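Reader: Hey, I'd like a close look at how one of the chains is put together, and then how it sits against its partner. Take your time and keep it connected.

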Amino acid sequence: MTTIRRFEEESARAYAQGKIGGFLHLYIGQEAIAVGAAHALRDGDHVFQTYRDHGIALALGMTPRAGMAELFGKDTGCSRGLGGSMHFFDVENGFFGGWGIVGGHLALAAGAAFKSKYLNDGKVTICFFGEGATNIGGFHEAMSLAGLWKLPIVFVCENNQYAMGTPMSRTSAIEDLTLKAAGYGMIGDRFEGHDIDTTTSRLQLAVDRARNGGGPTFIEVQTYRFRGHSMSDPAKYRSRAELEERKKSDPCHIARTRLMEAGITEDQLDDIDVEIDTQIDDAIKFANESPPASEAFMHNSVYAPSLITDPHRYDPTNGGQA
Amino acid sequence: MPEMNLVQSINSALRHEMKANDDVIVLGEDVGKVGGVFRVTKGLFDEFGADRVIDTPLAEGGIIGTAIGMALYGLRPVPEIQFSDFIFPAFDQIVSEAAKFRYRSGGEYTCPMVIRTPVGGGIRGGHYHSQSPESLFIHTAGLKVVCPSNPYDAKGLLLSAIRDDDPIMFFEPKRVYRAVKMEVPEEEFTVPIGKAKVVKEGKDVTVIAWGAMLFEALASAQEVAENDGVDAEVIDLRTLWPVDIDTIVESVKKTGRVVIVHEAPKACGFGAELLSLISEKAFLHLEAPPKRVTGWDTPFPYTLEMEYLPLQHRITPALIETVRF
Ligand SMILES: Cc1ncc(C[n+]2csc(CCOP(=O)(O)OP(=O)(O)O)c2C)c(N)n1
């Protein structure tokens, strides 16, 4: 969790320095959910996430180097610098991507879960999305299919209270989102997502159910993002007092307390922090020094290589003009 | 006369028309209290209230679908889609329903609706925040498609669009939002839909552009005038469909050469239709093969944005080649 926190704090700094452009959606405040999910899953399972994807990618095992280089738009990044913050991918670690179109990835996740059922391969898919996404058609279509086909999937709604600048109270007729699960014949669960022990154990229940043929679960995890929707959002739509109150249940602090309760000393934790800082510094250095995204790769990665030539093909010998 | 940027001039048009006509309704994600992702609807919620400036749930199909229903029943909705890349969940409603209403009701019903949406690259948004999908809508009979390049035209065109009885796609070049300031009247005025504008007269080559790329075309025209003595004529289409073919043909007859610039990929981009029209109507006047300077046939890249966009450094050589042919 601290790796995610430090990774994002440093990426925010790099963004302010202009090294990262476009959009940067931070996960700060929600870390216990991604890490809980990573604990609940096994190697070979699948995860789909929205554009707020750095946390889960790191939790699943992506290196800070590959993530940071992607943010910097470098050829060494996890999507070779062509995707950026919202579009991390990491096949090796079962990460099926950050997705930028709200609701667009839910049915895709159901498709991956379909394959697991089809092959009976014992794998589980987790699909994350925000509470805002539960309003769009793509959510309902995916829930409908997954419920009908009893797919081995866990839909995890990270309810951080705001969809961009609009609080849920102004865009949803209901407050308890698990009511939506019933309509699709799915079990619902709802809990607060600040404590890593809670997130791990509750997600584990749903993952096990999926793995054991018990069908899909819809989970609403109540959480809060400490930063704006993205770097360009000053979050003026909420009060300072509200934010300060929420920060009292900072998942990273809670995790630290839990570890100390379990007998880890303050010194040991500090040593781990230093190690993480070194790793993040290394990732920044790596991203800075890596070569930029490749134009040739951009042109050659649209289709599988084939003998048919595109009439507008990229011709590097002619200033790129076909 | 006040100076306005594109955000302010569109806001001014919306405010004017909402004051003048109670049937005008604004709806979309974050358009109310927050004032929209790009703050284009700022202040409208306070002035006109939650019934007329509606913060919707995140549901593009629902936004456009209900807007169509409102329009059929006599309102004049102006829905906002936060980025034109997010329009596809509503594509069905636009293509299957909005575009066909007049036709399939035997002219009894119309669908007076303006879908406002930011378009194009320039903010390093990557493939989901940068695309230019205009030709998908031009291809759909029944829609009008508008794309202003500057604050003055934007206000005048938006007022015309809201008063128009057919559904209109109103693409706002996001790269221009705060980049250009000019004098725009506080009071109402209209710019007609379907009329292009010759923004720079010239005799050697016709350059056709719209939206943010107009400024790149103008910069190239100036560059070749200074360095190569080439006198380019630059046309800002302003309305893409119905296209002002007369202005284009008149210009091509004069120059005999044409270069089309657009951000969208080349394959089936609007440039393809324009060149077909030019071949049909002015073939014998052409003195050089026409050229298109466009986005690549790839998804829009995050980092290689300046390589992808048809900017001045790619337009200038195309002008020279066309003139020297
Ligand atoms: C189809 C679509 N519509 C709109 C957007 C713009 N948008 C991006 S994130 C967002 C809010 C999403 O809120 P929520 O689902 O609660 O997720 P959170 O960002 O809070 O994690 C919006 C409106 C989009 N990316 N895709």
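Author: Let's start with chain B and its contacts: among those between residues at least 6 apart in sequence, 80% join residues at least 24 apart. Keep in mind that this is a predicted model. Chain B is built from 12 helices and 14 strands. Its radius of gyration comes out at 19 Å, close to the 20 Å that the globule rule gives for 325 residues, so chain B is as compact as a globular protein of that length. As for burial, 58% of the 325 residues of chain B count as buried.

Now zoom in on a sheet in chain B. Five strands make up this open sheet, in the order β9-β11-β10-β13-β14, and the pairing is mixed. At the edges stand β9 (197-200) and β14 (291-295) of chain B, each with a single partner strand, so one side of each is left without a neighbour in the sheet. From one strand to the next, the twist averages 25 degrees. What holds such strands side by side is backbone hydrogen bonding, in either a parallel or an antiparallel arrangement.

Another helix to find is α12 (residues 312-324) of chain B, which lies across β10, β11, β13 and β14 of chain B. Against β14(B), helix α12(B) runs at about 170 degrees.

Next, the partner. The contact between the chains takes 28 residues from chain B and 37 residues from chain A. On the chain B side, those residues split into 14 nonpolar, six polar and eight charged. The ligand lies between chains A and B. Around it sit 23 residues, and the ones that come nearest are A:Val102, A:Gly130, A:Gly132, A:Ala163 and B:Phe86. The elements that give two or more residues to this shell are β3 and β5 (162-163) of chain A. Sorted by class, the shell has 10 nonpolar, eight polar and five charged residues.

In chain A, six strands form an open sheet in the order β2-β1-β3-β4-β8-β7, and the pairing is parallel. Its edge strands are β2 (95-99) and β7 (187-192) of chain A, each pairing on one side only. The twist here averages 15 degrees from one strand to the next.

Strand β1 (residues 46-50) of chain A is a handy way in. β1(A) pairs with β3 (residues 125-130) of chain A in the parallel sense over three bridges, and A:His46 has A:Thr125 in β3(A) as its bridge partner. One step along, A:Val47 stands opposite A:Ile126 in β3(A). Toward β2(A), β1(A) again has three bridges, and those two strands run parallel; A:Thr50 stands opposite A:Trp99 in β2(A). Five of the five residues of β1(A) are buried, so it is largely enclosed by the rest of the structure.

Part of the packing on this sheet comes from helix α5 (residues 106-119) of chain A, which touches β1, β2, β3 and β4 (153-159) of chain A. The direction of α5(A) makes about 170 degrees with that of β3(A). Last stop, helix α2 (residues 31-40) of chain A: nine of its 10 residues are buried, including A:Glu31, A:Ile33 and A:Val35.

Notes: Residues numbered from 1 in each chain as written. Chains lettered and ligands numbered in written order. Predicted model: local features only at pLDDT ≥ 70, side-chain atom pairs only at ≥ 80, totals over all residues. Pairing = 2+ DSSP bridges. Helix = DSSP H or I, 4+ residues; strand = E, 2+ residues; numbered from the N terminus. Axes fitted to C-alpha atoms, helices over the stretch in contact; angles between N-to-C directions. Contact = placed C-beta atoms within 7 Å. Rg over C-alpha atoms; globule rule 2.2 N^0.38 Å. Buried ≥ 20, exposed ≤ 12 C-beta atoms within 10 Å, placed from the backbone. Nonpolar A, V, L, I, M, F, W, Y, C, P; charged D, E, K, R; others polar. Near = placed C-beta within 6 Å.
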